Protein chains: 2
Amino acid sequence: MYRINENYLKLPGSYLFSNIGKKVAAFSEAHPEAPIIRMGIGDVTQPIVPAIVEALHKAVDEMGHAETFHGYAPDQGYEFLRTAIAKNDYQARGCDISADEIFVSDGAKCDSGNIQEIFGPDVKIAVCDPVYPVYVDTNAMAGRTGTYDARTETWSNVVYMPCTEATGFSPELPKETPDLIYLCFPNNPTGAVLTKDQLQKWVDYANREGAVIIYDAAYEVYITEENVPHTIFECEGARTCAIELRSFSKNAGFTGLRLGATIIPKDLKCGETTLHSLWARRHGTKYNGAPYIVQRAGEAVYSDAARAQLKEQIEYYQKNARTIYQGLKDAGYSVSGAVNSPYIWLKTPDQMTSWEFFDFLLEKANVVGTPGSGFGPSGEGYFRLTAFGTYENTVEAIERIKRI
Amino acid sequence: MYRINENYLKLPGSYLFSNIGKKVAAFSEAHPEAPIIRMGIGDVTQPIVPAIVEALHKAVDEMGHAETFHGYAPDQGYEFLRTAIAKNDYQARGCDISADEIFVSDGAKCDSGNIQEIFGPDVKIAVCDPVYPVYVDTNAMAGRTGTYDARTETWSNVVYMPCTEATGFSPELPKETPDLIYLCFPNNPTGAVLTKDQLQKWVDYANREGAVIIYDAAYEVYITEENVPHTIFECEGARTCAIELRSFSKNAGFTGLRLGATIIPKDLKCGETTLHSLWARRHGTKYNGAPYIVQRAGEAVYSDAARAQLKEQIEYYQKNARTIYQGLKDAGYSVSGAVNSPYIWLKTPDQMTSWEFFDFLLEKANVVGTPGSGFGPSGEGYFRLTAFGTYENTVEAIERIKRI
């Protein structure tokens with residue numbers, strides 16, 4: 001008789017956002033008239049901008065003619081897209097990353113879940129707490145995280161780095177040396193950032209200790225302050241210790257188009273083996289490329305026309321973020337994030353737990369947010385709101401929250 | 001210091017089709033004038049049909065307007081597509097499969113590589129020999145296949161089921177009981193099929209022995225003979241022992257659009273745990289859905305207009321298959337496949353090895369095929385040609401092969 005992967009049975013509950021979805025669906029069914037405003041999941045609401053729509057139509061037409069039809073994509077992604085990413089996101093910032101160090105994918109969620117596969121079964125991971133659940137859950141599925149303690153909501157074999165008010169929502173270098181360090185800045189869920197000097201300390205630490213940093217840069221486009229790095233490759237020495245994950249979801253609204261990229265410098269080696277070669281092997285064996293039309297859309301993101309249109313879109317969401325931040329502050333909440341991030345991180349009032357506040361907000365204001373505790377134990381007592389709604393809904397939601 | 005996944009280092013060479021690509025590129029560089037005809041990789045050449053192009057344009061327009069924009073897709077895929085698959089591919093054939101047993105994905109290659117994750121680390125797999133390399137390589141990456149013997153080109157912990165002239169290119173029930181049985185019919189690479197009675201024996205065997213069949217039905221649209229099942233769910237009892245993988249690549253030319261589906265009946269249980277729940281958890285945690293526009297294209301595949309257009313396209317490739325089959329037969333080759341498949345499987349002449357014949361064909365006829373030995377040791381002495389080229393190239397290739 002076959003056996004299943006028992007690690008799956010150790011996972012607590014189901015995926016956070018599936019849970020929220022179910023709770024909201026149940027509430028909606030009970031109160032069909034309730035005008036729910038969703039500020040929970042980090043999904044965008046603004047449409048794909050005209051310049052990218054045009055590129056999509058053009059690529060669709062190409063697929064409809066034999067002379068311009070495209071079948072299987074190259075393993076690593078089309079060169080036109082990898083070149084555009086290398087040039088615009090790295091070389092333009094003075095970072096030494098070349099097109100053949102870029103692997104195109106169908107999104108940063110898949111990459112951040114899959115990247116652990118190229119590491120040994122016994123590597124120890126370190127994560128910020130609170131944290132995007134995918135990093136921990138995928139390592140748990142692979143059997144790396146030990147046993148789960150439902151009381152403390154932690155795994156026995158994970159190094160948690162608390163990011164709370166006390167630490168300024170930044171992680172401190174861990175006492176126990178991990179092998180794999182997941183960092184996401186601007187941070188999901190707290191919206192916090194690291195300055196370049198702070199990130200440089202992590203790069204130096206990883207090089208010194210022989211650790212690898214998985215750097216999730218999905219939200220870099222929201223950075224407004226100077227001295228906040230847009231990529232880890234702005235730091236010296238990152239080429240020997242870091243893998244970066246990029247997304248087109250938040251800078252260009254591709255949540256429903258699906259496009260991302262993983263950057264693995266060829267200098268990143270374990271003994272004689274480059275991690276680049278391992279990921280290339282994984283990509284070639286288990287993946288078959290992002291759709292041609294979506295890769296063409298990704299290329300269009302870097303055109304002058306799209307850049308101008310996307311700048312407006314990002315500013316729209318940034319205005320939402322400021323509106324939420326200021327509104328909550330005015331209402332007496334303790335708030336962070338927002339300045340370099342589409343996320344607003346707030347302290348729940350009156351000692352409520354995160355899920356209590358979730359229910360309270362859903363019932364009293366018909367506003368959906370994300371319970372901080374869903375991101376880890378240090379998220380308890382916190383709550384995440386996102387700026388990805390419409391401006392009208394954002395204003396309305398804040399008005400409702402102020403009233404309760 | 002971190003460790004890598006050492007299993008990757010046990011893998012022989014790189015992925016088969018990457019190797020072929022490199023060999024052809026080298027030949028092309030040395031002989032830029034050579035009019036190469038590619039009949040190696042199973043990639044289609046006919047464009048996306050007009051009815052599907054129209055659906056793509058419509059969906060692109062939807063993405064360009066806020067009212068019709070689509071962000072993250074539902075975990076399992078959009079209901080409109082799952083319902084279309086359930087209705088047309090299953091219920092229309094009398095198979096009891098419902099929309100919520102279908103998981104939409106970005107292709108059968110990913111699914112066939114990822115499905116092993118939900119099984120225990122020590123399950124024993126059985127594969128046909130020759131076989132699509134992804135099944136074995138992904139289990140090797142997970143550490144399930146033991147050690148690799150370069151001399152015999154086999155893994156110590158895999159049950160190989162030879163499919164040769166002697167077995168009529170069908171596998172026999174293995175002597176050693178496996179936990180996971182990968183079957184692909186119509187077969188890649190041999191083009192062989194199982195009759196419904198033959199497949200029923202495998203279903204009965206799996207139910208009796210407590211094994212799971214991973215059934216890859218990517219090529220079902222090429223079936224021309226009656227009594228050949230289009231899905232394993234035509235067999236009685238398959239709901240308690242089978243997972244089916246479906247592709248839109250070969251029936252609708254989606255190799256560059258990326259769309260597939262995995263079907264896991266809710267009756268398929270290991271003790272109290274449904275495999276459906278495990279795959280749902282994996283899908284929700286590591287995957288973020290196929291693009292909305294591609295899912296709409298998938299829905300359009302089932303429209304009357306697209307059906308008529310696709311029928312013509314399939315018949316075009318089937319004509320190619322017959323042309324190759326008959327041409328090689330006339331030239332004195334021993335040939336199989338083609339009747340229910342886009343693949344033609346031939347015996348190499350003059351005791352040549354598969355790679356010798358690959359080089360011979362590339363040099364003398366400028367035709368690229370796939371060495372049978374790349375699919376496993378029992379593929380040695382065989383060679384695969386595909387019918388996915390243009391008719392003109394197919395005729396020309398066969399003329400050249402006849403001349404040498």
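**The contact between the chains**

Chain B gives 81 residues to the contact and chain A gives 81 residues, where contact means heavy atoms within 4.5 Å. The model is predicted, so local features need pLDDT of at least 70 and side-chain atom pairs count only at pLDDT 80 or more, while totals for chains, interfaces and linings use all residues. Residues are numbered from 1 along each chain as its sequence is written, chains are lettered from A and ligands numbered from 1 in the order in which they are written, and side-chain values use heavy atoms, with hydrogens and water left out.

About 6700 Å² is buried between chain B and chain A, and carbon and sulfur atoms give 59% of that area. Buried area is the accessible area (1.4 Å probe) that two parts lose on being put together, summed over both. Of the area that chain B buries against chain A, 13% is supplied by Y2(B), Y72(B) and R281(B), more than any other three residues.

Six salt bridges are found across the interface of chain B and chain A; the term stands for a side-chain nitrogen of Lys or Arg within 4 Å of a carboxyl oxygen of Asp or Glu. A salt bridge joins the side chains of D122(A) and R3(B), at 3.6 Å from N to O. Between chain B and chain A, 33 residue pairs are in polar contact, both residues at pLDDT 80 or more. A polar contact is a pair of N or O atoms within 3.5 Å; within protein, one must be able to donate a hydrogen and the other to accept it, and residues adjacent in sequence count only if both atoms are side-chain atoms. On the side of chain B that touches chain A, the largest share, seven residues, comes from α9(B). Helices (H or I, at least four residues) and strands (E, at least two) are DSSP runs, numbered from the N terminus.

**A sheet in chain B**

An open sheet of four strands runs in the order β13-β14-β17-β16 (chain B), with antiparallel pairing. Two strands pair if DSSP finds at least two bridges between them. The edges are held by β13 (335–337) and β16 (370–371) of chain B, each with a single partner strand, so one side of each has no neighbour in the sheet. Three antiparallel bridges link β13(B) to β14 (residues 343–347) of chain B, and G337(B) has I344(B) in β14(B) as its bridge partner. Helix α12 (residues 354–365) of chain B packs on the sheet and touches β14, β16 and β17 (382–386) of chain B; its direction makes about 45 degrees with that of β17(B). Such angles run from 0 to 180 degrees between N-to-C directions, with axes fitted to C-alpha atoms, for helices over the stretch in contact.

R239(A) is in the loop between β8 (212–216) and β9 (242–247) of chain A. At 17% relative accessibility R239(A) counts as buried; buried means under 20% relative accessible area, exposed over 50%, and partly exposed in between (1.4 Å probe, protein chains only). The side chain of R239(A) makes a polar contact with that of E101(A) at 2.7 Å.

G71(B), in the loop between α3 and α4 (79–90) of chain B, is buried, with a relative accessible area of 10%. Leaving aside neighbours within four places in sequence, G71(B) is in contact with D43(A), T255(A), G256(A) and Y78(B).

S28(A) is found in helix α2 (residues 16–30) of chain A and counts as partly exposed, at 26% relative accessibility.
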